[in-house]
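Biologist: Please show me the chain, and then we can go through some questions about it.

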Amino acid sequence: MARDNQLPGSGFLAKVSPRLHTPVWSCIAVACIAAIPFWQYSGAGIIAIAATGMIYLSYFLGNIVIMRARLRGWPKTRAPFRLGRWGLLVNIVALIYGGAMLVNFAWPRAASNPKANQTNGLLHLNFLDGIPILWIVVVFIALIGAIYYLVVGRTKAFAPVVAPSGDDAPLAGTGAAPPA
C-alpha cells in the first residue's frame, strides 16, 4: 500500500533496501502495529479472536465487491481458469458463509468475542471492560481510517489506474477503454 501512496509516510515506507531487497521500514512498521494488542491484552487466544474476525471481515468485503462486479457482467475476457456460470453461486455461498462467521465472531460471548473483563487480560483502560474485543478492534480501525481519510486521504494524489491490454478496463477503476 505504501508503494501505491495509500499510507501516511508512503515515500519512506516504500523504499526498498538495496542490500536486503525488501522494504525494511515497512516490515518494522507492520511488526510494531501487530504488537499493539499485546500492550492492551495478554493472551494469544484473545488476539487470535480479533485477528480472525478481521480476516473474515476483509474477505466478506472483498466478496461483496466481486459480487457487484459479477452482477455488472464481469469477467468479460476469458481466462485459463474460470468458474463460468458457477461463479455467481460460489460468490453467494461465500457471502452466506462469511456473513455467518462474522455474526459468530461478533456475537458477544466468552467463547468467541469476550468482553475485556471476561479475559483477565486487560492491563489498563478500564472503560473498555464491558465492550467485546472484536468490536473494539473494528471501531478503532474504522476511526483511524476515517481520521486519516478526512485529514490526508481526500486531497492525496494517486497514480491513474491503467488496465493491461485485453483486461476488463471498465471494471479496473478508470472506466476508460483499454488501449488498442
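Modeller: One term before we start: contact means heavy atoms within 4.5 Å. This is a predicted model, in which local features need pLDDT of at least 70, side-chain atom pairs count only at pLDDT 80 or more, and totals for chains, interfaces and linings use all residues. Residues are numbered from 1 along each chain as its sequence is written, and side-chain values use heavy atoms, with hydrogens and water left out.

Biologist: Which elements does the chain have, helices or strands, and how many?

Modeller: Helices (H or I, at least four residues) and strands (E, at least two) are DSSP runs, numbered from the N terminus. From that end, the elements run α-α-α-α-α. The count is 0 strands and 5 helices.

Biologist: Is Asn 91 buried or exposed?

Modeller: Asn 91 sits in helix 4, residues 86–106. Buried means under 20% relative accessible area, exposed over 50%, and partly exposed in between, with a 1.4 Å probe and protein chains only. The relative accessible area of Asn 91 is 4%, so Asn 91 is buried.

Biologist: Which backbone nitrogen does the side chain of Asn 91 reach?

Modeller: Neighbours within four places in sequence aside, Asn 91 is in contact with Asn 63, Ile 66, Met 67 and Arg 70. The side chain of Asn 91 comes to 3.0 Å from one backbone nitrogen, that of Met 67.

Biologist: Is Val 151 buried or exposed?

Modeller: Val 151 belongs to helix 5, residues 133–151. Its relative accessibility is 63%, and therefore Val 151 counts as exposed.

Notes. Polar contact = N/O pair within 3.5 Å; in protein donor to acceptor, adjacent residues only side chain to side chain.
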